[in-house]
Amino acid sequence: MSRTVVVLGGGISGLAACYHLSRAPRSPKVVLIEASQRLGGWIRSVRREDGAVFELGPRGIRPAGELGARTLLMVSELGLDSAILPVPGNHPAAQNRFLYVGGALHPLPTGLRGLFFPAPPFSKPLFWAGLRELITPRGLEPDETVHSFAERRLGSEVASIAMDSLCRGVFAGDSRVLSVRSCFPSLFKAEQTHRSMLLGLLLGSGQSLLLDSPLISQARAERWSQWSLRGGLETLPQALGAHLISQGVTILKGQPVCGLNFHLGKWQVSLGDSSLEADHVISAIPATVLSKLLPSEAAPLAQALAPIRAVSVAVVNLQYLGAHLPVQGFGHLVPSSEDPGVLGIVYDSVAFPEQDGTPSSLRVTVMLGGSWLQALEDGGQTLPQELFQQQAQEAVATQLGLKKSPSQSLVSLHKSCIPQYTLGHWQRLEAAAQFLANHQLPLTLAGASYEGVSVNDCIESGRRASAHVLKEF
């Protein structure tokens, strides 16, 4: 008798889980439930009449490593090879990234010159930070904030400028609160295994599955730093959705789940006026949302998941006609000491000019968040779009010298979009895994709430969840 797997959440994690379940030799019956009317979660592309593409969420995917290769494999299987827009290794968007510090743009130091000569915004050559790192003893704590880890191993300047900016760029978060063990596991493991982060990264983990395909080979040969799709990244979840329907997966949109109950070895998934029965549930919805749906007998699991909160980010897409950037690169990040609200600005037209639409137009995206947005949200104020638009235009004028009015703009406030892996996150995951194992609950967790917020991480979490389910059946 065919088993039924219900997947909660039609973002990229849930879609990836369904994709791998549907391709199994003895595929179970798969039902995907999505609360909203669209698939893709935070991956959303707006295509304008002039051909311009504005990304409201992620705008590029890294091809590096095993996870990057797995995603490219899926792209090929979906027949999207011809839609790929790569950024090769010799491209300015691959080579140049900037920090905005002290009212000026500074290229991130690269090569021997960056190592042995002082390069603003750093007062000393990075060689000294590297030397310090190599002789610093291994940390003794089971977890540490990113700031504390970086300060201990690389010095206060690298911690408060570079790592602060990186945490804002990747997690829209605070390096003084985020966990190094959970946010940057490769750095944490490198220190634990090799006593030195740099040594560990140089020597590598030693175990990497070498996947191959024509697309993966091309990405390696051309040293792609990232890639997108011609019509925007939302092409990927749209292709996945179409593929799932062709494979017989049932997709229910506009159906928020109201509750989960487990009785006599089966899940009852409540959808308001109806319910579904499932042998196994894969949850690819945020941990805090799942914690409110669980039955009372799973209270310890709910307690482990509830603290995994997420922060909001306002994304402002701007297009300028006949304007020019002062530098060419991927974009720049802004440390919290420089501006509490502006996380960074991406120079979309440099990486993907094919998505510009109108000739001689320039697209940039301003990311707003951090303590500034947190304070506004905590104050319970209504947040008008004009506020974000004004803030973004001021940032672009000050930081990039683009003082004219944009020809097009788009403001999106993504509420609770990036989970924060704060200190002790690993213990929360361990408690959740322990509860599920002890009670043999047929529930598998996937998505950005747990082990990585990038698109590749989310796709991999869906793949792993499906593999776990298929092993159980």
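Biologist: Why are α1 and α19 called oblique to each other?

Modeller: This is a predicted model. In it, α1 (residues 12–22) and α19 (residues 455–472) pack at an angle of about 40 degrees. Angles under 35 degrees count as roughly parallel and 65 to 115 as roughly perpendicular; α1 and α19 are therefore oblique to each other. Their axes are 7 Å apart, and α1 passes α19 in a right-handed crossing.

Biologist: What makes β7 and β18 the edges of the open sheet?

Modeller: The sheet has 7 strands in the order β7-β6-β15-β16-β17-β14-β18, with mixed pairing. β7 (104–107) and β18 (408–419) each have a single partner strand, so one side of each is left without a neighbour in the sheet. The twist averages 25 degrees from one strand to the next.

Biologist: How do you know that β16 and β17 are paired?

Modeller: Pairing requires at least two bridges, and 4 bridges join β16 (residues 342–346) to β17 (residues 361–368). The two strands run antiparallel, and G344 stands opposite M367 in β17.

Biologist: Which strands does helix α17 touch where it packs on the sheet?

Modeller: Helix α17 (residues 385–400) touches β6, β7, β14, β15, β16, β17 and β18, and its direction makes about 60 degrees with that of β14. Helix α16 (residues 370–378) lies across β14, β16, β17 and β18, running at about 115 degrees to β14.

Terms used. Residues numbered from 1 in each chain as written. Predicted model: local features only at pLDDT ≥ 70, side-chain atom pairs only at ≥ 80, totals over all residues. Heavy atoms only, no water. Axes fitted to C-alpha atoms, helices over the stretch in contact; angles between N-to-C directions. Parallel < 35°, antiparallel > 145°, perpendicular 65-115°, else oblique. Left-handed = near helix turned anticlockwise from the far one by under 90°. Contact = heavy atoms within 4.5 Å.
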